[in-house]
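Visitor: I am new to this structure and would like to learn how to read it. Please show it first.

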Amino acid sequence: MIEGLSTRATYLINKPEGVDVDFKAQLQGLSSEDLVAFANSPTGGAILIGVSEEVMPDGSQRGNVTGCLIGDGEKLSILNKASQCIPAIDIEI
């Protein structure tokens, strides 16, 4: 387990990107379309910001924690993107 990360976050980081997990290295890479795609998925999903995609030597994918600034302003930006969707999307940060 990566120090300081929850069991769920560690599980998601070790999965390849797909229908239930997406990696964004920076907040600027997150779009309203990303939020809509997961909202329309029957199982939902998680978008991990501050995590980039890493391809392993065997060709498999996993997340690589790169980190990024996530303060009140950044959280507000994410909530604004969700509220601008029609209908507005209820998200958990």
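Visitor: Which helix and which strand do the buried residues of H3 pack against?

Guide: Some ground rules come before the reply. This is a predicted model, in which local features need pLDDT of at least 70, side-chain atom pairs count only at pLDDT 80 or more, and totals for chains, interfaces and linings use all residues. Residues are numbered from 1 along each chain as its sequence is written, and side-chain values use heavy atoms, with hydrogens and water left out. Helices (H or I, at least four residues) and strands (E, at least two) are DSSP runs, numbered from the N terminus. Buried means under 20% relative accessible area, exposed over 50%, and partly exposed in between, with a 1.4 Å probe and protein chains only. Contact means heavy atoms within 4.5 Å. Here, the buried residues of H3 pack against helix H2 (32-39) and strand E2 (46-49).

Visitor: Which residues of H3 are buried?

Guide: An α-helix has 3.6 residues a turn, so residues three or four places apart point the same way. In H3 the buried residues are Ile-78, Lys-81 and Ala-82. They lie on the same side of H3 because they cover an arc of only 100 degrees around the axis, the arc being that of the directions from the helix axis to the C-beta atoms. Asp-72 and Gly-73, on the other side of H3, are exposed.

Visitor: How far apart are the end C-alpha atoms of helix H3?

Guide: The expected span of a helix is 1.5 Å times one less than its number of residues. For the 12 residues of H3 (residues 72-83) that gives 16 Å, and the end C-alpha atoms are 16 Å apart, which agrees.

Visitor: How many helices and strands are there in the protein chain?

Guide: The protein chain has three helices and four strands. Along the sequence, their pattern is α-β-α-β-β-β-α.

Visitor: What radius of gyration does the protein chain have?

Guide: This radius is taken over C-alpha atoms, and the globule rule is 2.2 Å times the number of residues to the power 0.38. For 93 residues a compact globule would come near 12 Å; the protein chain has 13 Å, which agrees. Its C-alpha trace spans about 40 × 30 × 20 Å along the principal axes. Of the 93 residues, 28% are buried.

Visitor: How many disulfides does the count come to?

Guide: A disulfide is a pair of cysteine sulfur atoms within 2.5 Å. By this rule the count is zero. For Cys-68, the nearest cysteine sulfur is that of Cys-85, 19 Å away. Cys-68 is partly exposed, with a relative accessible area of 25%, whereas Cys-85 is buried, at 8%.
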